[in-house]
Amino acid sequence: MAMFRLALFLLMPGVVQADATSLETYLSAKPLRMEVRYCECTVISPDGRSPDPLPGFMDQADALSVAVEAQDKGFISTEVLFLGYALQPEAGAPEAFRFQYVGDFTTPRGHNSARGAVILEKNQWVSLWGSQGGDGITGVAVRLTDTTGP
């Protein structure tokens with residue numbers, strides 16, 4: 001492997017090679033990581049007794065991670081998910097953030113969209129939206145963590 005890197009470096013001197021130190025530099029450029037999970041499955045139990053995502057959701061969901069600032073606006077998208085967001089610290093609560101969003105999730109069985117605002121506490125998953133209709137079930141959840149955290 002070392003020989004391959006050396007050959008690549010000699011053949012392509014304009015290419016900057018990433019190493020663990022460089023990766024840490026990129027990750028620490030913004031203090032928070034926003035994780036988004038989405039799938040054709042239910043996020044929380046239908047009776048709503050627990051706000052925590054179901055184990056099946058966590059196992060099946062696709063995941064995206066994005067580095068964000070404590071006060072940030074932006075969007076992320078994949079072929080099936082679009083999520084625009086605005087993040088702002090919640091006054092008087094250092095671990096809480098107001099999260100406004102608008103999103104759209106399209107699957108082969110249908111499509112749903114939502115908009116809203118929730119309070120995100122660091123390290124806790126929050127179900128943003130989900131639907132059950134026809135043959136399909138969809139769900140989207142988000143959480144914030146420190147970029148140096150889990």
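In this report a strand is a DSSP run of at least two residues, numbered from the N terminus, and two strands pair if DSSP finds at least two bridges between them. With that in mind, β5 and β6 are joined by a hairpin that passes through two residues. The model described here is a predicted one.

Two of the pairings can be followed in detail. Strand β4 (residues 81-89) pairs with β3 in the antiparallel sense over six bridges, and here S77 stands opposite F82 in β4. Strand β5 (residues 96-107) is joined to β6 by twelve bridges, again in the antiparallel sense, and the bridge partner of R98 is I119 in β6.

**The nonpolar cores**

The largest nonpolar core holds 23 residues, and those with the most contacts inside it are M34, F99, L128 and W129. At least two residues of this core come from each of β1 (32-39), β4, β5, β6, β7 (126-133) and β8. Another core, of six residues, lies apart from it and has C41, A61, W125 and A141 among its members.

**The aromatic rings**

| Pair | Distance between ring centres | Angle between planes | Description |
|---|---|---|---|
| F99 and Y101 | 6.0 Å | 25 degrees | stacked |
| Y101 and W129 | 6.1 Å | 10 degrees | stacked |

Why does the pair of Y101 and W129 tie together parts that are 28 residues apart in sequence? The reason is that Y101 lies in strand β5, whereas W129 lies in strand β7. Both Y101 and W129 are buried, and F99 also counts as buried because its relative accessibility is 0%, where the cut-off is under 20%. Ring pairs link Y85, F99, Y101 and W129 into a cluster.

**A buried arginine**

The side chain of R143 makes a polar contact with the side chain of E35, at 2.7 Å.

Key: Residues numbered from 1 in each chain as written. Predicted model: local features only at pLDDT ≥ 70, side-chain atom pairs only at ≥ 80, totals over all residues. Heavy atoms only, no water. Helix = DSSP H or I, 4+ residues; strand = E, 2+ residues; numbered from the N terminus. Polar contact = N/O pair within 3.5 Å; in protein donor to acceptor, adjacent residues only side chain to side chain. Core = buried A, V, L, I, M, F, W, Y, C linked by side-chain atoms within 4.5 Å. Buried < 20%, exposed > 50% of the residue type's maximum accessible area, 1.4 Å probe, protein only. Phe/Tyr/Trp six-rings, centres within 6.5 Å; stacked < 30°, edge-to-face > 60°.
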